[in-house]
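Trainee: Before we go through the model together, may I put some questions to you about how its parts are arranged?

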Amino acid sequence: MGLLTRFASQWVAGETLEDALRVARDANRRGIDALVNHLGEHYHEKGPVEATTREYLRLVSAMRDQGIRGHVSLKPTQFGVLIERSYALAQMLPVLDATKADGRVLWLDMEGSITTDDTIRIGEDLRTRYERVGVCLQANLRRTADDLSRLLDRDIRVRLVKGAYKESPDIAFPPRAEIDRAYLDHLETLFERAHDFQVASHDGRLIERALELAREHPTPFEFAMLQGVRDPLKDELVKAGHRVAEYIPYGPNWLPYFTRRLRERPRNIVTMVRSFVSG
Ligand SMILES: Cc1cc2nc3c(=O)[nH]c(=O)nc-3n(C[C@H](O)[C@H](O)[C@H](O)COP(=O)(O)OP(=O)(O)OC[C@H]3O[C@@H](n4cnc5c(N)ncnc54)[C@H](O)[C@@H]3O)c2cc1C
């Protein structure tokens, strides 16, 4: 478990709020905004959901006290969307008020496709109360072009990702080339129609295309990348004058997040096994 924790620490700030704040301060020092997520998902009981709400309130308040630049990103299933959508919305409202008081963006992560509709509906509800609300959309889902249009019509910010959840081929593109093609299409839509969106990828080809589109359509947007991935590129983009945000997850429930990171790049599994063998 110790070795696993050590390996996971490249992608996870640590188990405590203090760990997240330390990594966020470090990101800020490098000119990068923090995008902090308290790990936890798929809650079916109200106890852990309400503890999550309290943790986010502590987080936003600590970010304010320490002058940390950045935003928070919530997972709908950690706020109880699997219990009931209206309950999840009610749990998010105090966090919305706290982020609104500081002018931070409240981002919603996008999880597996059984929650896509509810996440979008919650994003729309939150947007009626505060203009700085964003929703993540996944390029691997066939429905995303419609969802993108719908969110842009409602002036909701979008974070575009490839998608980290395993989905069936009837609703998602299985080949990576098709996901990349869809990502490029959505990227064009974003640069043509949106402002203040996130290009959330570490894929050099997609980032290059975003840089080209940014020259054609000057509009505010930011690159977003995960903690522990492509750090030199983040610094390069900051140096070139681009806005960059770093997704900083923390908390004791890091295993599902860690597993998704391992799965998306087979080389990570090899590196992990090697590091275990060499101690
Ligand atoms: C800020 C941010 C927020 C996200 N939020 C969500 C979300 O809410 N919902 C969701 O489904 N997904 C989310 N994701 C994850 C996303 O869907 C992808 O699974 C992940 O970003 C990998 O895709 P990629 O675009 O980087 O491309 P890939 O083709 O997977 O990777 C491109 C290159 O990036 C590098 N790289 C990528 N991942 C790693 C890694 N783990 N370790 C080391 N190098 C790596 C490698 O060099 C790789 O060749 C988020 C990603 C980011 C950056």
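**Ligand shell and helix packing**

Mentor: In this predicted model, β7 gives the most to the shell around the ligand, with three residues.

Trainee: Which residues are the closest to the ligand?

Mentor: The ligand is surrounded by 23 residues, which by class are eleven nonpolar, five polar and seven charged. At least two residues of this shell come from each of β4 and β7 (221-226). The closest of the surrounding residues are Asp109, Val161, Ser201, His202 and Ala224.

Trainee: Are the axes of α3 and α4 roughly parallel or roughly antiparallel to each other?

Mentor: Two packed helices are described by the angle between their axes and the distance between the axes. For α3 (residues 46-65) and α4 (residues 85-102), the axes come within 9 Å and cross at roughly 5 degrees. Since angles under 35 degrees count as roughly parallel, α3 and α4 are therefore roughly parallel.

Trainee: How do the residues of the contact of α3 with α4 divide by class?

Mentor: On α3 the contact involves residues including Val49, Tyr56, Leu57 and Arg64, and on α4 residues including Pro94, Val95 and Asp102. The residues of this contact divide into seven nonpolar, four polar and three charged.

Trainee: Which residues are exposed on the face of α6 turned away from its buried side?

Mentor: In α6 (residues 144-153), the buried residues are Thr144, Asp147, Leu148 and Leu151. They cover an arc of only 100 degrees around the axis, which puts them on the same side of α6. The face turned away from that buried side carries the exposed residues Asp146, Ser149 and Asp153.

Methods: Residues numbered from 1 in each chain as written. Predicted model: local features only at pLDDT ≥ 70, side-chain atom pairs only at ≥ 80, totals over all residues. Buried ≥ 20, exposed ≤ 12 C-beta atoms within 10 Å, placed from the backbone. Helix = DSSP H or I, 4+ residues; strand = E, 2+ residues; numbered from the N terminus. Arc of directions from axis to C-beta. Axes fitted to C-alpha atoms, helices over the stretch in contact; angles between N-to-C directions. Parallel < 35°, antiparallel > 145°, perpendicular 65-115°, else oblique. Contact = placed C-beta atoms within 7 Å. Nonpolar A, V, L, I, M, F, W, Y, C, P; charged D, E, K, R; others polar. Near = placed C-beta within 6 Å.
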